[in-house]
Amino acid sequence: QPQIILLKEGTDTSQGKAQLVSNINACTAVADVVRTTLGPRGMDKLIHDDKGNVTISNDGATIMKLLDIVHPAAKILVDIAKSQDSEVGDGTTTVVLLAGEFLKEAKPFVEDGVHPQNLIRSYRTACYLAIEKIKELAVSIEGKSLEEKKSLLAKCAATTLSSKLIGGEKVFFASMVVDAVIAIGNDDRLNMIGIKKVPGGNMRDSFLVNGVAFKKTFSYAGFEQQPKKFLNPKILLLNIELELKSEKENAEIRLSDPSQYQSIVDAEWNIIYDKLDKCVKSGAKVVLSRLAIGDLATQYFADRDIFCAGRVAEEDLQRVAAATGGTVQTSVNNIIDEVLGTCEVFEEKQVGNERFNIFSGCPSGRTATIVLRGGADQFIEEAERSLHDAIMIVRRALKNSTVVAGGGAIDMEISRYLRQHARTIAGKSQLFINSYAKALEVIPRQLCDNAGFDATDVLNKLRQKHALPSGEGASYGVDINTGGIADSFTNFVWEPSVVKSNAINAATEAACLILSVDETVKNPKSESAQGEAAASAMAGKGRGRGRGMRRR
């Protein structure tokens, strides 16, 4: 019987059990890449991309983004790492590891001929039970005084930072992050916390500005005569350029008398002087603009003891507006007091080899800026990523205000609970839920491996502790310092419960998604199609160029 040809030749299809197993292997390989970065003793990865940029990172999501993964199934793991990063900020490595481990545990069952749907059903049940258990074990930090809350949040931040490069200074940075997050209050737009990087100095030189700080902008002559420090100044924010330039109208003027020409030149000068005069009249002492402030304007302001800075970055200007209570103006006409911002102290300060403009003691106070110092550029970059994670965590903890014990304690407790639950189920799903429970142990095991301890030994101790009928061992996790076990809760190794529940949810979803795929079809690009695509691209280029030229 002749073969039926359905798909174009060269189409790559792979089907059935072999396909599933190969997908699982690909995901395990991805999980192995980030496996060693987990925990306080995790190693860092150095990634060198095609443009020659070098990134040193310990953040699961950053590593996953930078790895160009082409395997279609393994891409799912990259996506869950990204989603965990944007949703909670921390626990990106955990997500990838868990998903990889769930699949690894499912592999022998698939090879033995279990239908993937059975596995998926059991995994979903187990995930639901695990999340319920987390809710039950979580401890609320609501209703405490501000001081207590601060120290609790600092402990959450310290737990996050302990696995990062700046872990050595985690106490220093944790309190800084908590102050920054509390400073912005309920306004939880992340860009209200600015992080500025200045090479040089050491990490301890980093500081938090309760307000806005940005690098001194490009300045013209006359800048040095301006005063560099004000108390309670009024601040004017503009989005126009204060520069002498011919007006934009394309008007033609016929002059019969040369002396008239001068009046036209004067008109241009009058326009800019008028603008500057209005700025001065408004009573503002600090003028910031997103566009250029020319040398004429700079000197004009300097003569009148006004500080000005042009070409301020958009986000810095927005932050100044939010902090000082001013609004950005697009015209200098009708400047009333309502649109001017104010702050207690404005000064220009030397940080490293950069001059920084610093606004502190802002009335609405809903912004903070962290100025990071450090030796190498890569190091500061990594510190910034770590702080981003910590800031996200503190925000989440403030909002959801329940924490669970870290250090693998919560994972062991859920694992024990699921094993117990599995015994009450008749049928195959008992085995599957058991394997899910076993997969959860990957977190404490990996923590031990990364620190160089005997994982089997530690896990046995942990299992024994968690199996105590009284339930007193529920918060025991790996003790990184001694290589034994310790009560994570009393050692302040905490994480917001939302991190864990999100991680387990995402990892289970990813595992189920990969298990439910049994065929991959890859369409080949036929030669004719490739040719057409190239031709249309060329045509598009040509057309675009033509249009652009004519408009001039």
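**Close-up 1. Ser386 within helix α11 of the predicted model.** In this predicted model, Ser386 is found in helix α11, which spans residues 377-400. Ser386 has a relative accessible area of 1%, and because buried means under 20%, this residue counts as buried. When residues up to four places away in sequence are not counted, Ser386 touches Leu161, Lys164 and Ile166. Of these partners of Ser386, Leu161 also belongs to the contact that helix α6 makes with helix α7, the subject of the next view.

**Close-up 2. The crossing of helices α6 and α7.** Helix α6 (residues 146-161) and helix α7 (residues 170-184) have axes that come within 8 Å and cross at roughly 125°. That angle makes α6 oblique to α7, and the crossing of the two helices is right-handed. On the α6 side, the contact involves Leu146, Lys150, Leu153, Ala154, Ala157, Ala158 and Leu161, which meet Lys170, Phe173, Ala174, Val178, Asp179 and Ile182 of α7. Sorted by class, the residues in the contact of α6 with α7 comprise 10 nonpolar and 3 charged, with no polar residues.

**Close-up 3. The packing of helices α4 and α14.** Helix α4, made up of residues 92-111, packs with helix α14, made up of residues 442-451, at an angle of about 115°, and their axes are 10 Å apart. The crossing of α4 and α14 is right-handed. Helix α4 contributes Thr94, Leu97, Leu98 and Glu101 to the contact, while helix α14 contributes Val442, Ile443, Arg445 and Gln446. By class, the contact of α4 with α14 holds 4 nonpolar, 2 polar and 2 charged residues.

Close-up 4. Asn239 is located in the loop that lies between strand β9 (234-238) and helix α8 (258-281). With a relative accessibility of 25%, Asn239 counts as partly exposed, because that class lies between the limits of under 20% for buried and over 50% for exposed. Once its neighbours within four places in sequence are left aside, Asn239 is in contact with Arg290, Leu291, Val328, Gln329 and Thr330. With one of these residues, Arg290, the side chain of Asn239 makes a polar contact, side chain to side chain, at 3.3 Å. The C-alpha atoms of Asn239 and Val332 are separated by 9.5 Å, although the two residues are 93 residues apart along the chain.

Methods:
Residues numbered from 1 in each chain as written. Predicted model: local features only at pLDDT ≥ 70, side-chain atom pairs only at ≥ 80, totals over all residues. Heavy atoms only, no water. Axes fitted to C-alpha atoms, helices over the stretch in contact; angles between N-to-C directions. Helix = DSSP H or I, 4+ residues; strand = E, 2+ residues; numbered from the N terminus. Parallel < 35°, antiparallel > 145°, perpendicular 65-115°, else oblique. Left-handed = near helix turned anticlockwise from the far one by under 90°. Contact = heavy atoms within 4.5 Å. Nonpolar A, V, L, I, M, F, W, Y, C, P; charged D, E, K, R; others polar. Buried < 20%, exposed > 50% of the residue type's maximum accessible area, 1.4 Å probe, protein only. Polar contact = N/O pair within 3.5 Å; in protein donor to acceptor, adjacent residues only side chain to side chain.
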